[in-house]
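I opened this notebook to record what I looked up, beginning with the surroundings of the ligand and then turning to the helices.

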Amino acid sequence: MNNSPGQLIVLAGPSGAGKTTLAHHLVETFSSAAFSVSTTTRPLRGSEIEGEDYFFAGREEFLERIENGYFLEYAEVHGHLYGTSRDWVRKELSSGGNVILDIDVQGALQIKEALPASILIFILTPSPDVLSRRLLSRNTDDPDVVRRRMEVAAWEISWIGSFDYYVCNRYLEDSMMQVESIFRGERLRIVNTSFPPEVRTFTPDRFSGREHWNGKRVIVTSGPTREALDSVRFISNRSSGLMGFSMAMAFRDAGADVLFVTGSACISRPSGVDTIPVETAEEMHEILVREVEKTDLLVMAAAVSDFRPSTFHEGKTERSGIIRLELEATPDILEELDRTIDCMCPVMAFSLEFGPDGEKRAIEKMKRKGTAAIFYNPGDVQGAGMEASSNQGKLFFTDGSYVEVKRSSKRYIAELLVAAMGRYLMKGNES
Ligand code: 5GP
């Protein structure tokens with residue numbers, strides 16, 4: 001099954017830079033790409049067609065839609081309101097379509113905030129002269145309007161550092177090829193594709209079990225948690241959040257409805273899953289108490305900061321002399337959940353262990369915590385565990401069986417673990 005959600009690609013930059021032409025080029029070139037038709041309060045121009053170029057609305061109606069949450073983003077551009085339909089974008093993306101937005105820079109920044117996995121491309125002309133000539137040659141704006149647009153352009157360009165790609169639209173043919181390459185490259189990224197189906201057809205046994213997750217609800221916790229020392233500093237750990245992120249994507253691609261509860265990881269949020277960011281172990285616990293009852297599997301991939309300072313200092317502690325820290329243990333999330341919630345779903349735990357007895361300790365932990373499975377990964381092997389893009393280890397089950405995964409990318413390992421977990425539970429094994 002390949003049900004990866006589509007991607008949102010935003011072309012933004014000053015008016016007249018050529019983004020509409022490039023956006024339409026993408027839609028004409030790739031059958032999976034669809035153009036999002038914005039709503040605007042500006043009057044219809046010459047050859048424009050309602051529903052094809054824009055949906056035209058009155059200001060009152062537009063403001064009402066803002067109130068009702070209709071827009072994924074909206075902005076006032078050159079005196080008129082423009083906005084993108086939230087529902088339309090969501091539906092396209094969840095059915096696997098790729099959405100192309102041709103919007104202004106304010107809107108692009110809002111999109112990145114709401115959907116961090118979106119791709120922002122900044123389109124610019126090679127010089128201010130070219131931009132103003134293009135605006136004048138469109139014959140749709142008088143010279144005063146063109147002057148104002150040039151002023152706005154300077155402000156828009158100041159945001160270029162928030163974008164993922166830059167295309168200088170000197171020659172249209174070249175620019176078309178560049179946006180095509182970005183589109184193609186992004187679709188080929190491993191994190192954006194469901195795991196290559198060809199790999200599964202070569203080794204079907206390793207991947208059987210994924211089908212178990214179709215339509216199931218899975219919570220994946222991820223990332224490091226942080227515990228504040230004062231308003232500025234915190235203690236935490238070296239987790240990058242990549243293992244949890246990869247698990248969320250692998251369950252998503254297997255058809256599960258995923259809730260991703262993540263600490264402050266240094267990687268972006270996965271697209272197509274609900275994400276709840278948390279800071280502390282306590283906050284993570286609170287979310288799980290609320291959510292775990294409606295869940296078919298809880299995956300505890302988060303690296304919880306096991307300790308927290310016993311006291312919190314409001315403001316910024318002065319740098320002087322020696323400061324003695326007193327730490328206390330944070331709540332053991334699984335134990336607490338077990339204590340407070342009756343019907344706990346099966347749990348898949350992760351256990352990072354050091355030293356030759358690591359495996360033994362991981363198995364003991366699985367028994368002590370009553371989890372259905374535990375993934376032991378060594379912390380003292382270079383290129384595995386925390387801060388590494390790859391991992392290795394063994395997924396142990398309560399019936400004594402296990403699945404070994406050799407050194408591979410965390411994304412690949414996640415695919416194998418999702419399948420192995422499905423196989424195990426399909427046999428009727430639950431803790
Ligand atoms: P025009 O009126 O010339 O078609 O567009 C003016 C500006 O508004 C362009 O920069 C265009 O990309 C931007 N724009 C069009 N639709 C939207 C939208 O839905 N949201 C935002 N933020 N800007 C838009």
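I first sorted the residues of the shell around the ligand, and I found five nonpolar, five polar and seven charged, where Ala, Val, Leu, Ile, Met, Phe, Trp, Tyr, Cys and Pro count as nonpolar, Asp, Glu, Lys and Arg as charged, and the others, Gly among them, as polar. I noted that this is a predicted model, in which local features need pLDDT of at least 70 and side-chain atom pairs count only at pLDDT 80 or more, while totals for chains, interfaces and linings use all residues. Residues are numbered from 1 along each chain as its sequence is written, and side-chain values use heavy atoms, with hydrogens and water left out.

I then asked which of the 17 residues around the ligand come nearest. They are S38, R42, Y54, Y82 and D104, where a residue is near if one of its heavy atoms lies within 4 Å of the molecule.

Next I looked up polar contacts, that is, pairs of N or O atoms within 3.5 Å; within protein, one must be able to donate a hydrogen and the other to accept it, and residues adjacent in sequence count only if both atoms are side-chain atoms. A polar side-chain atom of S38 lies 2.7 Å from an oxygen atom of the ligand, and a side-chain N or O atom of E73 is 2.8 Å from a ligand nitrogen. For Y82, I found a side-chain N or O atom 2.4 Å from an oxygen atom of the ligand. The protein covers 95% of the 510 Å² of accessible area that the ligand has on its own, by the Shrake-Rupley method with a 1.4 Å probe.

The elements giving two or more residues to the ligand shell are β5 (71-77) and β6 (80-85); strands (E, at least two residues) and helices (H or I, at least four) are DSSP runs, numbered from the N terminus.

I moved on to helix α3 (residues 86-94), whose N-terminal end is capped by S85, with a side-chain oxygen 3.1 Å from the backbone nitrogen of W88. After α3 comes G96, whose phi is positive, near 95°.

Lastly I looked at α11 (residues 281-291) and α12 (residues 333-340), which pack at an angle of about 35° with their axes 10 Å apart; axes are lines fitted to C-alpha atoms, for helices over the stretch in contact, and angles run from 0 to 180 degrees between N-to-C directions.
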